[in-house]
Amino acid sequence: MNRIHQSEKALLVGDNPFHNISHLSQERTRARGDNLADSSYAADLILTSVANGANGFMFSVSEKTLSILSAINKKGEIGRLNLYPIVPYAYEYVKLATQTGGIPGLAKRFSKQVVMSGNFRAVVNGIRGVVGMNPISLVKTYVAYEMSRIKSSAGKRAKIESIILHEIVTDMALALNLEWFFKGYIDFVSKTKVVPGFNTCNFAYLVNKLEEWEIDLSDVFIVAPFNSVGFQMNPSRTACEEALKGLKKPTLIAISILAAGYLKPEEAVRYIAGLPNVKGVAVGVSKEKHAVESFRLLNEALDKNL
Amino acid sequence: MTDKLRIAVVGMGKMGIVHSCILNVIPDVELTALCEKSSLTRRILKKMFQNVTIVDDVTKMVDFNLDAVYVTTPILSHYGVIKAICKENVARNLFVEKTLVANPEEAKELCQLTSNSEGVNMVGYLRRFYVTFKKAKDLLLEEAVGRVSSFNAFAYSSDFLGLESDVTAARGGVLRDLGCHAVDLALWFFGDLKVYSAQPISENDKIDDSVNFKVKNQNGLDGEFSVSWRAEGYRMPEVGFLIVGSKGTIKVNDDKVELALQNGRKTAWYRHDLEDNVPFWLALPEYHREDDIFVKSVRNSVTVEPNFVSSSKVDEIISQVEKKAGEQNTPK
């Protein structure tokens, strides 16, 4: 079932704080302390957010987030969340490529992981992909592998709402004008009854290209930064807002709404609430107080507008 | 030159892919060819880069009528690749990822070689294109902190924390891989510097992995560098400076700039305050800024910074650090 047409708003907990990421300042992440490294603490923060209006979790698939999902599953609460995994976890793969000597080393390591996972479908697609050098088969291999990792941690009751391509993959494919890649990804993911998603730092460029390729934007999610100071809104805040206005249906899941902590929550929410075609938002929380305040505020302010 | 600049990229690792993608969206560029040794990578590239010729050797690009070539191979191969490009007249405009080469002798030879070609050349010291470091440079030009007397610089990452040294050897050592950014910025900020001491950060370290060193300039400016890719808490590589002047200090890193004056006035600028957006963002906004400046310089045949001559000074400083560390480790 494709759930994109449901009227429910997506109020998502983001995972950046759990990976110790701050786009405002790396210095700040080092000062945060170790609480967030504890999966059980992170799981409690997510459940507190859910108690205050959140209904999903957007995360990069990593050992860290899988252990958080496992902790939520053990508490018997996984059914309260819609899951929005972002793949691949670019940081992990770039670091591996650095340590293993580039693409050939990385390919060797990844092939071994897929075979060790025992996921038959992934292995078959992987062989097809390598033999025929077919990028879509390789993407299918990868997505099947990540889905199996999520399900083995989150359990059978886990609801995967969307699988979102990481910005580095989306934006590379965009730069290379790979219409067949976008169409192939949408076709494959849609068949798994999950909404295909694209994370991008080039929202306006992506929307224009997808329209040029006559891709139905009501069948996908686009995850992109939107905030009142234009932080990471390329090429400009105005161009992104214009592209958003032109959408036929709510497709945007806004991220970086606080501009990485630069804005006050009230100011950030006021801006988002005034935008058209917003399907949802994702916000990272690092303290219980943030979880309560952020999602109460979002729930109240966005309820009427989404 | 034809209407669009014809550009090729040699070496399709991480940097090669990023530059190729960005060049593909710059309107007056035609990404013409890619050169890559690995046959597996070439097979993938053929699927991903449509209408681009893929070859396995730079000399096979001789007849491609190229305006410029990007060299993004491992550092140790830069010298051989650049020499081959110049010798075979593959293109006269060159961009090479940092560092220029692996030693000052090679750098000198390449500067000589390219000085005769009338082409534009540039080295990819990305941090010059961070809005925060650009702001710090502007503050120094305005003499916002008066006469600068000292600075402390760091370049840290956790990339190889807990890994054996043999894993890191192929990357040419932490100074060339990461520390070079801090050295390049220091040369940009303060002019010529000379190393007078260098040692590993701890007794168990090798200078290939972590090193402290001190520099001076002819006006008495003192500088200290600390460089490591085994630092804890640096999920992403980070470079920063604390600059002390007669009227105050400037603290700058990848994310923000802070100006603190002795009269008590303090000002901070984050990326958000410094017009960080670009026409196309891939991985970091700085890649687009860097490529855009190189392309415009080639188009207008004007020199650009950092070029081979200014970047050869980074290789000179690294060589001085290696020499000083060697002297200090030699039993007397």
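Tutor: A helix axis is a line fitted to the C-alpha atoms over the stretch in contact, and angles run from 0 to 180 degrees between N-to-C directions. Helices (DSSP runs of H or I, at least four residues) and strands (E, at least two) are numbered from the N terminus. The model is a predicted one, in which local features need pLDDT of at least 70 and side-chain atom pairs count only at pLDDT 80 or more, while totals for chains, interfaces and linings use all residues. Residues are numbered from 1 along each chain as its sequence is written, with chains lettered from A and ligands numbered from 1 in the order in which they are written.

The helix to follow is α13 of chain A, residues 288–302. One of its partners is α2 of chain A (residues 39–51); the two axes come within 8 Å and cross at roughly 25 degrees. Therefore α2(A) and α13(A) are roughly parallel to each other (angles under 35 degrees; over 145 is roughly antiparallel, 65 to 115 roughly perpendicular and the rest oblique). Their crossing is right-handed, that is, the near helix is turned clockwise from the far one by less than a right angle. On the side of α2(A), the contact is formed by A:L45, A:T48 and A:S49, and on the side of α13(A) by A:E288, A:A291, A:V292 and A:F295 (C-beta atoms, placed from the backbone, within 7 Å). Sorted by class, this contact of α2(A) with α13(A) holds four nonpolar, two polar and one charged residues. Nonpolar here covers Ala, Val, Leu, Ile, Met, Phe, Trp, Tyr, Cys and Pro, charged covers Asp, Glu, Lys and Arg, and the others, Gly among them, are polar.

Helix α13(A) also packs with α12 of chain A (residues 265–273), at an angle of about 30 degrees and with the axes 10 Å apart. That angle makes α12(A) roughly parallel to α13(A). Here too α12(A) passes α13(A) in a right-handed crossing. From α12(A) come A:P265, A:E266, A:V269, A:I272 and A:A273, and from α13(A) come A:E293, A:S294, A:L297, A:L298, A:A301 and A:L302. Eight nonpolar, one polar and two charged residues make up the contact of α12(A) with α13(A). Beyond α12, in the loop between α12 and β9 (278–284) of chain A, lies A:N277. This residue has a positive phi of about 60 degrees although it is not a glycine.

Elsewhere in chain A, helix α3 (residues 63–74) packs with helix α7 (residues 135–154) at about 35 degrees, and their axes are 7 Å apart. Residues A:L66, A:L69, A:S70 and A:N73 of α3(A) meet A:R149, A:I150, A:S153 and A:A154 of α7(A). By class, the contact of α3(A) with α7(A) has four nonpolar, three polar and one charged residues. Chain A also has a cis peptide bond from A:V87 to A:P88, with omega near -10 degrees, and A:P88 is in the loop between β3 (82–87) and α4 (90–100) of chain A.

In chain B, a cis peptide bond joins B:K98 and B:T99, with omega about -15 degrees; B:T99 is found in the loop between β5 (93–97) and α4 of chain B. An automatic or database domain assignment gives chain B domain 1 (5–125 + 285–307) and domain 2 (128–276 + 315–329). The centres of these two domains of chain B, taken over C-alpha atoms, are separated by 27 Å. Of domain 1 of chain B, 17 residues are in contact with 13 residues of domain 2 of chain B. On the domain 1 side of that contact in chain B, the elements that give two or more residues are α4 (104–115) and α8 (285–300). Helix α8(B) gives the most, with four residues. That side of domain 1 of chain B divides into 11 nonpolar, two polar and four charged residues.

Finally, consider confidence. Over residues 1–5 of chain A, pLDDT stays under 50, and the model has nine contacts beyond four places in sequence for them. Chain B has a mean pLDDT of 93, and 95% of its residues reach 70 or more. For the complex, the predictor gives an ipTM of 0.92 and a pTM of 0.90.

Notes:
Two residues are in contact if their C-beta atoms, placed from the backbone, lie within 7 Å. pLDDT is the predictor's confidence in each residue, from 0 to 100.
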